[in-house]
Every structure is written in C-alpha cells, then in structure tokens.
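Thanks for making time this morning; I would like to walk you through one model, slowly, for those who have not seen it before. Please have a look at it first, and then I will start with a term that we need.

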Amino acid sequence: MQGFKRKIVHASLFELIAVVIVTLGMRWLSGSSTAEAGGLAVSTSIVALIWNMVFNTLYEAWERRQVSRQRTVSRRMGHALCFEGGLILMTVPMIAWWLNLGWWEALITDLGLVAFFLIYAFCFNWLFDYLAGLPDSARQPTP
C-alpha cells in the first residue's frame, strides 16, 4: 500500500485506536465523564490526524533525500519524538481549556499522554510497516 491511501489508512487506524485508549484512560485517571474524556480524545485526535498527515508528508520528503532509507530504531525514535513534540505545542492549550486546567497542569497531563503515545506510536508504526509493507520512501532505490 502506497501514497495517499497508505497515509489515510495509517492515520485513521492510529487515531481510532488512540481515541478508545485515551477515552478509557482519561476517564479512569481524571474521574471525568465518558462524554468529557471522549470529547477531548476526539478533539485532540482531529488535531493529531491533521498533524500526522502534514508531518509524515514532510518526513517522507526528507527520508527520500537520505543516502540510507532504512528505518532503523534511532530513525523511528526520532520520528516519534519530532511528531509528539509538534503535537504538544498544539494540544496543551486545548487540554487547558477543555479540562479547565492551568498551563502547568495541562502540560503535565499532556506529557503523560506523550509518554503513552511515544511508546504507542513506535509500536504501531513498526507493526503497520510490517503488515502493510514499507512506503516507497523507505526503500532503497534500484539502480
């Protein structure tokens, strides 16, 4: 699977699974209602889905220009860290507003989510590449 179809399937599956996990986790950890936790999970998921499409397009453009296109552990870790770092900038204000938290509490909450998502993104992407095959950008060009 390649191109735009791959990006849509990848991002949609990633976010669908994430919404379920985050809703259940936020409900359990914060004591908020399912509607409140689910609403926040869906809202942050929409932001993350858009960021995912933009970030992965830029990442694959960068990846195509590399001498080695192999998706090593360090490259996968860098991908996950850069993605999550950009997402924090967008979601801390949303979490602060949605849960009526101060900036510090929202940042701590978001960092908890980031800790989960770093592991989740790493594992999900590795499994997705295994099941769907690598994108062209990660394959060595044939001479």
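A crossing of two helices is called right-handed if the near helix is turned clockwise from the far one by less than a right angle, and left-handed if it is turned anticlockwise. With that in mind, and remembering that this is a predicted model, the crossing of helix 2 and helix 3 is a right-handed one. In the contact between helix 2 and helix 3 there are 14 nonpolar, eight polar and three charged residues. Helix 2 covers residues 34–64 and helix 3 covers residues 73–98, and the two pack at an angle of about 145° with their axes 9 Å apart.

Let me turn now to the charged side chains. Over the whole structure, a search finds five salt bridges. In one of them, Asp-129 pairs with Arg-6, with 2.5 Å between the closest N and O atoms. Because Asp-129 sits in helix 4 and Arg-6 in helix 1, this pair ties together parts that are 123 residues apart in sequence. Asp-129 is buried, at a relative accessible area of 8%, and Arg-6 is buried as well, at 5%.

Which residue forms a salt bridge with Glu-63? That partner is Arg-71, the closest N and O atoms lying 2.9 Å apart, and Glu-63 is buried, with a relative accessible area of 0%. Arg-71 also meets Asp-129 in a salt bridge, at 3.1 Å from N to O. Through shared partners, salt bridges join Arg-6, Glu-63, Arg-71, Arg-76 and Asp-129 into one network.

Key:
Residues are numbered from 1 along each chain as its sequence is written. This is a predicted model: local features need pLDDT of at least 70, side-chain atom pairs count only at pLDDT 80 or more; totals for chains, interfaces and linings use all residues. Side-chain values use heavy atoms; hydrogens and water are left out. Axes are lines fitted to C-alpha atoms, for helices over the stretch in contact, and angles run from 0 to 180 degrees between N-to-C directions. Helices (H or I, at least four residues) and strands (E, at least two) are DSSP runs, numbered from the N terminus. Ala, Val, Leu, Ile, Met, Phe, Trp, Tyr, Cys and Pro count as nonpolar, Asp, Glu, Lys and Arg as charged, and the others, Gly among them, as polar. A salt bridge is a side-chain nitrogen of Lys or Arg within 4 Å of a carboxyl oxygen of Asp or Glu. Buried means under 20% relative accessible area, exposed over 50%, partly exposed in between (1.4 Å probe, protein chains only).
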